[in-house]
Amino acid sequence: PVRFKATANGSTSIVMEWGPPAPSKQNGIILGYTVTITTVITGQMQRLNTTNTSITVNLLKPYTNYNCSVSGATAIGYGPQANPLQIKTMEGTPTGSPLNINHTTPNPDTLILTWSPPDPSYRNGVVRGYLVV
């Protein structure tokens, strides 16, 4: 495939688009495409098949790097992959709570709260602040 591009479409999805290979490189009728998306850190891989020249991959982890590629298929098999792209999903809201929450009351009019950020695997982006209610 040619003109392969991948774009984060949100915190849990990536849109991939491409064009069919040049006719001189198709080696037959293109019947479909296989998209491969691999989590950079874990190496966990998903393969998705489509007959379209675009696909939206959902249910991904927020703020995570993925390697994406696509290859075309004829009745004989799959051709070479387009140049792989690395894309990072957008930030999402944390799915973990702050850790090590403590409080002290040095005097009757003062309450001091302390905590640690959520576990990195549950931050889903850069924690920019906290809401104390």
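By class, the lining of the largest pocket splits into 9 nonpolar, 10 polar and 3 charged residues. In this bookkeeping Ala, Val, Leu, Ile, Met, Phe, Trp, Tyr, Cys and Pro count as nonpolar, Asp, Glu, Lys and Arg as charged, and the others, Gly among them, as polar. Before going on, note that this is a predicted model, where local features need pLDDT of at least 70 and side-chain atom pairs count only at pLDDT 80 or more, while totals for chains, interfaces and linings use all residues. Numbering runs from 1 along each chain as its sequence is written, and side-chain values use heavy atoms, with hydrogens and water left out.

Back to that pocket. About 430 Å³ of space lies in it, and of its 22 lining residues, Thr39, Ile41, Lys61, Pro62 and Thr64 lie nearest the centre. The elements giving two or more residues to this lining are S3 and S6, and the largest share, 3 residues, comes from S3. Strands here are DSSP runs (E, at least two), numbered from the N terminus. A pocket is found on a 1 Å grid over the protein atoms alone, as an open set of points where a 1.4 Å probe fits, with protein on both sides within 12 Å along at least five of seven lines; lining residues have an atom within 4 Å of a point. Grid points are joined across faces, edges and corners, and the volume is the space filled by probe spheres set on the points.

The second largest pocket has a volume of about 290 Å³. It is lined by 18 residues, with Pro1, Pro21, Lys25, Gly79 and Pro80 closest to its centre. Strand S7 (78-81) and S6 each give two or more residues to that lining, and S7 provides the largest share, 4 residues.

Now follow S3 itself. Of its 8 residues, 8 are buried (under 20% relative accessible area, with exposed over 50% and partly exposed in between; 1.4 Å probe, protein chains only). Gly32, Thr34, Thr36 and Thr38 point one way, while Tyr33, Val35, Ile37 and Thr39 point the other way. S3 runs antiparallel to S6, joined by 8 bridges, and antiparallel to strand S4 (residues 45-50), joined by 6 bridges; two strands pair if DSSP finds at least two bridges between them. On the S4 side, Val35 has Leu48 as its bridge partner. The S3-S4 hairpin has 5 residues between the strands, and Gly43 takes a positive phi near 80 degrees there.

On the S6 side, Ile37 stands opposite Cys68. Both are among the residues with the most contacts inside the largest nonpolar core, which has 17 residues. Such a core is a set of buried Ala, Val, Leu, Ile, Met, Phe, Trp, Tyr and Cys residues joined through side-chain atoms within 4.5 Å. Leaving aside neighbours within four places in sequence, Cys68 is in contact (heavy atoms within 4.5 Å) with residues including Phe4, Ile14, Met16, Pro84 and Ile87.

Most residues other than glycine have a negative phi. Tyr63, in the loop between S5 and S6, has a positive phi of about 55 degrees and is partly exposed at 33%. Asn124, in the segment after S10, has a positive phi of about 60 degrees, but counts as buried at 5% relative accessibility.

Leu131 also sits in the segment after strand S10 (110-116), and counts as exposed because its relative accessibility is 76%.
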